[in-house]
Amino acid sequence: MIYIATFFSHFGAIRFQKLCQGRDWEAVLMPVPRNLSSSCGTCVRYRSQSPCPGDTWPREVEQVVQETPEGYRRCYRAENS
Amino acid sequence: MDRKKETCGMIASGLGIGLLAVALVCFGNPANMGFCIACFLRDTAGALGLHSAGAVQYLRPEISGLVLGSFILALLRKEVSPRGGSAPLTRFVLGIFVMIGCLMFLGCPFRMILRLAGGDLNALFGLGGCVCGILTGVFFLNRGYSLKRTYRLPPLEGLLMPIIQVLLLALLVLAPSLLRFTEPGGGPGGMHAATAVSLTAGLIVGALAQRTRLCMVGGIRDLALFRETKLLLGFAAIFAGALVYNLILNAVTGDLYFSLGFAGQPVAHTDGLWNFLGMLLAGFGCVLLGGCPLRQLVLAGEGNTDSAVTVLGLMAGAAFAHNFGLASSGDGPTANGKIAVLLGIAAVGAIACVNTFRKDNA
């Protein structure tokens, strides 16, 4: 499955990408797609069986969505974001 | 929206914005200044009495239009999102220094492109400085720079900036005697299009910039970070559009909308080093803020109070720049301005270091 994670900072995205790659997940950095958000930050698009690469979500993660034929399906959103 | 459609939309928006910028000059704005967020915030600060430079005082409706255009489109698309709390005071300070850099160069990144499209080759030094500043910011982004997360806020917080813009417009239309205005012929502040024209252009550009996320600084940042050219294409389209319209107007009207060279350019000076350093400071600061002054206005319209605080910082910077003799003029930079730009580069560098290499980032 393909997921897109957005972040509170660019460096958070870099760290998340490394976390994914450490698990041999295919993960690329890219600008946040316009149809996902009006913010212009950095996201990680990654391919994996589960959306979370660890036991808990890293604190830099703002939200995670799954790409589906119908559009984005939200998997996670940080509290108060 | 697929990628090709998004790219076409970006180019069409850029061409449209270039046309509107040149049209505003036709309707009365200063040459090569159809839009300049730094200059317009400076003029607005002057109109509100925050500085007393008589040549640059006018409440620019374009600013209100940009915020409200973004707000209205975001509202229609359910994208208004009141949020903030990401180092607001740091953003305020960065806004001050970005403005000082812009007023050394005499324009924000948006006007830099319009100056190039008008044949002002001094802006090439500004462009060089801006690129170097952005790449310096990217260096810190890749090493951990962050002003920490934003938080969801009550709706009123996000609505305040658009409400303030409505009140400013009301002041301009209903009680102009409370404001300070440059007399016609008294300087750039005395040159402006009619209120309705300026406001309409601002509304359109604000909506287009909200839809496309157009950002002069983001274009170069995304190219450096991702090899992504979409935002930069918007940048290029504004340049191409404004250049073509300027050349057409040159041929049709006989007036000088395009004049290639260094000397005698409107609201510009020829000191290449300080044009370079001014925009280096502006570009560096803008990357740390997450966007150029135009983008800050658009985000403020969407309810981002961090960007609203940045806009207030930009206005405070304009007031400091004119109260302390930091702003350049057509005669060139001032000694105070040179000191302020060097201090600004050091201060912005210190902010970048502190927010990149602190222990909790490790």
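This is a predicted model: local features need pLDDT of at least 70, side-chain atom pairs count only at pLDDT 80 or more; totals for chains, interfaces and linings use all residues.

Biologist: In what order do they come along the sequence of chain A?

Modeller: The pattern reads β-α-β-β-β-β.

Biologist: And how does the radius of gyration of chain A sit against the globule rule?

Modeller: It comes out at 11 Å, close to the 12 Å the rule gives for 81 residues, so chain A is as compact as a globular protein of that length. The C-alpha trace spans about 30 × 30 × 25 Å along its principal axes.

Biologist: How much of chain A is buried?

Modeller: Buried residues are 38% of the 81 in chain A. As for contacts with a separation of 6 or more, 57% of those in chain A join residues 24 or more positions apart.

Biologist: OK, switching to chain B. How many helices and strands there?

Modeller: Chain B has 14 helices and 2 strands.

Biologist: What about its span and its buried share?

Modeller: The C-alpha trace of chain B covers about 60 × 45 × 45 Å along the principal axes, and 58% of the 362 residues count as buried. Residues 24 or more positions apart make up 82% of the chain B contacts with a separation of 6 or more.

Biologist: How many residues does each chain put into the contact between A and B?

Modeller: Chain A gives 14 residues and chain B gives 22. On the side of chain A that touches chain B, α1 (10-22) and β2 (26-31) are the elements that give two or more residues. By class, that side of chain A has 7 nonpolar, 6 polar and 1 charged.

Biologist: Now helix packing. At what angle do α1 and α8 of chain B pack?

Modeller: About 160 degrees, with the axes of α1 (residues 3-26) and α8 (residues 195-212) 10 Å apart. The cut-off for roughly antiparallel is over 145 degrees, so α1(B) runs roughly antiparallel to α8(B). Their crossing is left-handed.

Biologist: Which residues make that contact?

Modeller: From α1(B), they include B:Gly9, B:Met10, B:Ser13 and B:Gly16; from α8(B), B:Ser198, B:Ala201 and B:Ile204 are among them. The class count for α1(B) with α8(B) is 8 nonpolar, 5 polar and no charged residues.

Biologist: Let me zoom in on B:Met10. Buried or exposed?

Modeller: B:Met10 is buried, because 26 other C-beta atoms lie within 10 Å. B:Met10 belongs to helix α1 of chain B.

Biologist: What is B:Met10 in contact with, beyond its neighbours within four places in sequence?

Modeller: With B:Thr212, B:Lys230, B:Leu233 and B:Gly234. Also, the C-alpha atoms of B:Met10 and B:Leu231 are 7.4 Å apart, although 221 residues separate them along the chain.

Biologist: One more pair: how do α4 and α14 of chain B cross?

Modeller: The axes of α4 (residues 88-105) and α14 (residues 335-354) come within 9 Å and cross at roughly 145 degrees. That crossing is left-handed.

Biologist: And who's in the contact of α4(B) with α14(B)?

Modeller: Among them are B:Leu94, B:Phe97 and B:Met104 of α4(B), and B:Gly337, B:Val341 and B:Ile351 of α14(B). By class it has 9 nonpolar, 4 polar and no charged residues.

Conventions. Residues are numbered from 1 along each chain as its sequence is written. Chains are lettered from A and ligands numbered from 1 in the order in which they are written. Axes are lines fitted to C-alpha atoms, for helices over the stretch in contact, and angles run from 0 to 180 degrees between N-to-C directions. Helices (H or I, at least four residues) and strands (E, at least two) are DSSP runs, numbered from the N terminus. A crossing is left-handed if the near helix is turned anticlockwise from the far one by less than a right angle, and right-handed if clockwise. Two residues are in contact if their C-beta atoms, placed from the backbone, lie within 7 Å. Ala, Val, Leu, Ile, Met, Phe, Trp, Tyr, Cys and Pro count as nonpolar, Asp, Glu, Lys and Arg as charged, and the others, Gly among them, as polar. Angles under 35 degrees count as roughly parallel, over 145 as roughly antiparallel, 65 to 115 as roughly perpendicular and the rest as oblique. The radius of gyration is taken over C-alpha atoms; the globule rule is 2.2 Å times the number of residues to the power 0.38. A residue is buried if 20 or more other C-beta atoms lie within 10 Å of its own, exposed if 12 or fewer, and partly exposed in between; C-beta atoms are placed from the backbone.
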